[in-house]
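Colleague: I have just opened this one, could you walk me through it?
Modeller: Gladly, and I will start with a term that we need.

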Amino acid sequence: MKLLNFGSLNIDYVYEVEHFVSPGETLSSKALFVNCGGKGLNQSIAAAKAGNMVYHGAFVGKGGEALAEKLAENGVDVTLLKTAEENCGHAIIQVDQRGQNCILLYGGTNRCFTKEYINRALDQFGREGLVLLQNETNLVKYMIGEAHKRGLQIAFNAAPMHPEVLEYPLELLDWLIVNEVEGRQIAGCAHDEEILPALRSKYPKINILLTLGSKGALCYAKGKTYKIGCYDVEVVDTTGAGDTFTGYFLYGVLHGMSIPQSLLLATTASTLAIGKKGAADAVPFMPQVEKALQENRFGPLAAEKIS
Ligand SMILES: Nc1ncnc2c1ncn2[C@@H]1O[C@H](COP(=O)(O)OP(=O)(O)O)[C@@H](O)[C@H]1O
Ligand SMILES: [Mg+2]
């Protein structure tokens, strides 16, 4: 089954500095790394590396030409992308000697989605498949409504969290995907073990995937709750762990795997991703995940530490 991701595309400029630049100061940086990023791009690439047929829907702004190339070279269909005059979404990230960062974000074309573009892209995509959304683009509420009208499945990852999310018609989703931070805010609770029950009573009809970092993940689907722990491994970089989980989990549920099988697949993929630096580039390909599973490479799953 195919998947359409209306998702953000960012160029990340990462500057290594002695200290964060102060008001009035001109500071030379020691190094610059330019990476393709954005939650949308990371999730499209993760879903494509898992083996899904992925169409990415977005505007590519000025300076963002590398973003379309990055998607295409990872197997994402880019025929729905449109170019725009506005600057592309980007982040200016200072990283100091202690590894702390401060980030200046510019939404650019990620905030320039129009109703006309969304309708046209959905019409081209057709009436079968899943629409994947995150919260870095504008018009998310509209995207949910239009995808629902067309009878498409919808998965929404509420990241980054914003109070506006509470006004979205989340009851129309097939899948709500959150980590503990987003989950607590949507559920309105303080403790991790309260998140899933609170989300279930707020949105009783939808399926929920809740990832909990080093505590594993929980899932509520078709009236049942499932839990999975995680592997005890050395962590290199957790950036993109959740995006990898989403891409692989959706592969499982869209290809007839059971929920426990889908959770195991996604956990194994995320474990491989956190062993490497970077986001989209650290996402493994399906054969690597299958091999790790066959070899039982990471040993036993630690029991989930929630509840
Ligand atoms: N420190 C860790 N040790 C082992 N597994 C981890 C760790 N952090 C993340 N994972 C794996 O990645 C998944 C997603 O991570 P999480 O931090 O919940 O997502 P996000 O990136 O959205 O915050 C977890 O459910 C788990 O399987
Ligand atoms: Mg996390």
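Modeller: Axes are lines fitted to C-alpha atoms, for helices over the stretch in contact, and angles run from 0 to 180 degrees between N-to-C directions. Helices (H or I, at least four residues) and strands (E, at least two) are DSSP runs, numbered from the N terminus. This is a predicted model, in which local features need pLDDT of at least 70 and side-chain atom pairs count only at pLDDT 80 or more, while totals for chains, interfaces and linings use all residues. Residues are numbered from 1 along each chain as its sequence is written, and chains are lettered from A and ligands numbered from 1 in the order in which they are written.

Colleague: How do the axes of H5 and H6 cross?
Modeller: The axes of helix H5 (residues 180-187) and helix H6 (residues 192-202) come within 9 Å and cross at roughly 50°.

Colleague: Switching topic, in what order do the strands of the open sheet come?
Modeller: Four strands form the open sheet, in the order S3-S2-S7-S8 with mixed pairing, where two strands pair if DSSP finds at least two bridges between them. At the edges are strand S3 (31-37) and strand S8 (101-106), each pairing on one side only.

Colleague: And how many bridges join S2 to S7?
Modeller: Seven bridges join strand S2 (residues 10-16) to strand S7 (residues 89-95), and the two run parallel. Val 14 stands opposite Ile 93 in S7.
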